[in-house]
Amino acid sequence: MNRFLPSLLTIFLGLGLGFLLSTLFRRYAKNQDTLPSLRIQLQKLCLLVLNPIAFIGAVWILPIERGPLILLPLVCIFGQASGFFIGYLSMRIKPLPPAQAIGFRTSCSFTNTGNMGGLIVYLLLGEVAFALVPLYKLFEEFWCYGVLFPYARQQAIKAGLIQERGKQRHPLLRIASDPFFLIVVCSIMLGLTFNLLDFERPEVYAEINSWLIPTSSFLLLAAIGTQIRIGRIPLYWKPALAISLLRMCLIPFCVLGFALLLGFGSGDVLTLKTIAIMGIIPMAFISLVPASLYNLDSDLISTAWLFTTGSLIVSVPLLSFLLA
């Protein structure tokens, strides 16, 4: 009980605070642009400052000999690719209108590995396991921006949801120059450098991370909570529930099966437990970005996000029991 309650409380209190702030701003704020600006600043603080500091300290003490870590990012990509394939097959069996079907497929793939994944891994397994999170998600941006975004755009053009525009910058070039991606890579490399050079990490770093990791996750969740639209749930609960069930019931087996094939089951229990947690992490809120860019049904995607996040009420206690 003591292991999973902090995870659930942090997640739902953060979301609740964000939803409350959004309600108050809509009713009483004279300048409605204040809340979006605050949300962006919170996200930048967490992703460009707090998370990189935590990543450096965690990777610094990561046992380098812990399993075939070089293959860990492939497990992440396989899990997200499996989700996309599952969503694609589902839309072949029971199609939805294009604006919903495109979002359904991508929503089965987008995964919140960094924010919710990092928090749950840290609270259930500790700091050493948390160090595996940035390595696990190292190539995630390439999948999201190099595959899912172009796919959503291409399909939206094909369905007549948007018009073909002039030549755009290649997605991989956008990733390579993205400050959020570069900061994560630099923090991993710096932590690995200190690790390989056998520099002793200051003892206070453990205390710092014990505050940084939950605080960063809480602030990011509060920022996400400001965008929740509860009133749209009754219209989209069936496809949203389908996305949630597909993700929770099928993707974990795909991820764990692939990890075992790569040799992660040979005695490295902590890494395998981390991978198991990553398999049940809900969809990422970034899935709403292509929805807004390409005229997809954003209400369906936000409802699916709420459903997959709500599934943590079941999956986190179950994992806490199974991984004990």
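A residue is taken as buried when its relative accessible area is under 20%. By this criterion, helix H4 (residues 98-107) is mostly covered in the predicted model, with nine of its 10 residues buried. The buried residues of H4 are Ala-99, Gln-100, Ala-101, Ile-102, Gly-103, Phe-104, Arg-105, Thr-106 and Ser-107. These residues pack against four helices, namely H3, H8 (140-158), H12 (233-261) and H15 (298-310).

The mean pLDDT of the protein is 83, and 91% of the residues score at least 70. Helix H3 (residues 72-93), against which buried residues of H4 pack, has the highest confidence, at a mean of 94. Confidence is lowest in helix H9 (residues 171-176), where the mean is 63.

The largest nonpolar core comprises 81 residues, among which Ile-277 and Trp-305 touch the most other members. Helix H8 provides the largest share of this core, with eight residues. H8 is also one of the helices against which the buried residues of H4 pack. When neighbours within four places in sequence are left aside, Ile-277 is in contact with Ile-120, Val-121, Leu-124, Leu-125, Leu-319 and Leu-323.

Ser-315 is located in helix H16 (residues 312-322). Ser-315 counts as buried because its relative accessibility is 4%, below the cut-off of 20%. Its contacts, not counting residues up to four places away in sequence, are with Met-248 and Ile-280.

Two salt bridges are present in the structure. In one of them, the side chains of Arg-201 and Glu-127 meet with an N to O distance of 2.6 Å. Arg-201 lies in the loop between helix H10 (179-196) and H11, whereas Glu-127 belongs to helix H6 (residues 127-130), so the pair ties together parts that are 74 residues apart in sequence. Arg-201 is buried, having a relative accessible area of 14%, and Glu-127 is buried with a relative accessible area of 14%.

A salt bridge is also formed between Lys-137 and Glu-140, for which the closest N and O atoms are 3.7 Å apart. This distance falls within the 4 Å limit applied to such pairs. Lys-137 counts as buried, at 9% relative accessibility. Glu-140 likewise counts as buried, at 7% relative accessibility.

In soluble globular proteins, nonpolar side chains tend to be buried together. Helix H2 (34-60) and helix H11 (204-225) each supply at least two residues of the patch. The greatest contribution comes from H2, with three residues. Ile-53 counts as partly exposed because its relative accessibility is 34%, a value between the limits of 20% for buried and 50% for exposed residues.

Notes
Residues are numbered from 1 along each chain as its sequence is written. This is a predicted model: local features need pLDDT of at least 70, side-chain atom pairs count only at pLDDT 80 or more; totals for chains, interfaces and linings use all residues. Side-chain values use heavy atoms; hydrogens and water are left out. Buried means under 20% relative accessible area, exposed over 50%, partly exposed in between (1.4 Å probe, protein chains only). pLDDT is the predictor's confidence in each residue, from 0 to 100. Contact means heavy atoms within 4.5 Å. A nonpolar core is a set of buried Ala, Val, Leu, Ile, Met, Phe, Trp, Tyr and Cys residues joined through side-chain atoms within 4.5 Å.
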